[in-house]
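Please look over the structure below.

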Amino acid sequence: MLVSAREMLTKARDGKYAVGQFNINNLEWTKAVLLTAEELKSPVILGVSEGAGKYMGGYKTVVGMVNGLLEELNITVPVALHLDHGSYEGAKKCILAGFSSVMFDGSHYPIAENVQKTTELVNACNILGLSLEAEVGSIGGEEDGVVGLGECADPNECKMIADLGVTMLAAGIGNIHGKYPENWPGLSFETLAAVKEKVGDMPLVLHGGTGIPADMIKKAISLGVAKINVNTECQLAFAEATRQYIEAGKDQQGKGFDPRKLLAPGFEAIKATVKEKMELFGSVGKA
């Protein structure tokens with residue numbers, strides 16, 4: 001059964017580790033993440049962008065697929081299904097569809113409008129027992145066509161949003177989506193520490209987990225980060241494994257590719273990537 005992310009993130013914050021959010025894009029992706037989480041006894045968050053939700057046939061389709069896999073694969077670890085970088089309307093649709101957690105990304109709105117829309121969603125999520133993530137300071141890179149420059153959040157604005165009663169807060173600290181450029185200056189731990197001082201015990205979220213050095217990951221966790229998002233690294237691993245399989249010319253036999261065999265290398269690549277990240281985040285055995 002899907003659960004809110006609230007309890008798993010509270011435990012992560014107190015235990016000084018982070019829960020991984022791994023974005024899903026199809027059945028193989030989802031199955032790989034769930035089986036790895038179960039094997040490692042790690043709580044996990046399945047992230048779904050609005051674009052991925054549309055690609056997979058809609059939010060209700062995603063909920064049905066995930067719930068079916070939880071039952072058929074006998075998954076016993078805590079699993080949250082989370083809308084990633086959702087719009088206000090997207091968040092409402094996911095709540096109705098059966099997601100157990102949503103993110104409203106109001107970082108591109110004036111702070112007053114961000115507060116207003118976040119307040120409305122806090123009220124809805126509290127009634128239904130769902131977890132809610134909010135964002136202050138846009139995350140760099142591109143996510144479903146929305147481009148951010150990697151801003152550092154205003155700690156006072158972070159406090160304004162945190163005080164509304166959200167479950168977790170994503171604060172921009174120079175992190176970006178996608179691959180990090182060679183001249184990336186690194187995370188702003190000064191900003192992260194200032195945000196932590198303002199918001200107290202609220203679990204913090206680090207987006208753009210692909211490519212951040214391990215020492216920065218561990219330092220961010222020590223400063224209150226309890227959830228780390230990974231997407232690009234899984235995409236790259238899946239694509240590269242599939243490419244190598246095709247170029248090797250396997251499974252042709254004059255009949256074309258068997259799609260189940262074609263996708264198998266990518267499935268294994270995602271499992272390996274998720275395992276590596278869960279071990280780095282310290283969530284293994286924490287379910």
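## Starting at Tyr-59

Tyr-59 lies in helix H4, which covers residues 59-72. The model shown here is predicted. Is Tyr-59 buried or exposed? Tyr-59 counts as buried because its relative accessibility is 13%, and buried means under 20%.

Which residues does Tyr-59 touch, leaving aside those up to four places away in sequence? They are Glu-50, Gly-53, Leu-83, Gly-90, Lys-93, Cys-94, Ala-97 and Phe-99. Gly-186 is another matter. It sits 127 residues from Tyr-59 along the chain. The C-alpha atoms of Tyr-59 and Gly-186 are separated by 35 Å.

## Helix H5

Helix H5 spans residues 88-97. Its buried residues include Gly-90, Cys-94 and Ala-97. Tyr-59 touches these three residues. Tyr-88, Ala-91 and Ile-95 of H5 are buried too.

What do the buried residues of H5 pack against? Three helices take part: H3 (50-55), H4 and H6 (111-128). Two strands do as well: S3 (79-86) and S4 (101-104). After H5 comes Gly-98. The phi of Gly-98 is positive, near 115 degrees.

Strand S10 runs from residue 225 to residue 230. How many of its six residues are buried? Six of the six are, so S10 is largely enclosed by the rest of the structure.

S10 pairs with strand S1 (residues 19-23). The two run parallel and are joined by four bridges. Within this pairing, Phe-22 has Val-230 in S10 as its bridge partner. S10 also pairs with strand S9 (residues 204-206). That pairing is parallel as well, with three bridges. Here Leu-206 has Ile-228 as its bridge partner in S10.

S9 links onward to strand S8. Two bridges join S8 to S9, and the strands run parallel. Ala-170 is bridged to Val-205 in S9.

S8 covers residues 168-171. Which way do its residues point? Met-168 and Ala-170 point one way, while Leu-169 and Ala-171 point the other way. All four are buried.

S8 pairs with strand S5 (residues 131-136) too. Four bridges hold this parallel pairing. In it, Ala-134 stands opposite Leu-169 of S8.

## The whole chain

The C-alpha atoms fill a box of roughly 65 × 45 × 35 Å along the principal axes.

Of the 287 residues, 56% count as buried. Take the contacts with a separation of 6 or more: residues 24 or more positions apart account for 71% of them.

## Surface and charge

The accessible surface of the chain comes to about 12600 Å². Carbon and sulfur atoms make up 53% of that surface. How far apart are the mean positions of the positive and negative charges? They are 5 Å apart, for 27 positive and 35 negative charges.

Definitions and conventions:
Residues numbered from 1 in each chain as written. Predicted model: local features only at pLDDT ≥ 70, side-chain atom pairs only at ≥ 80, totals over all residues. Heavy atoms only, no water. Buried < 20%, exposed > 50% of the residue type's maximum accessible area, 1.4 Å probe, protein only. Contact = heavy atoms within 4.5 Å. Areas by Shrake-Rupley, 256 points an atom, 1.4 Å probe, with all protein chains shown as cover. Lys, Arg positive; Asp, Glu negative; His and termini not counted. Charge placed at Lys NZ, Arg CZ, Asp CG, Glu CD. Pairing = 2+ DSSP bridges.
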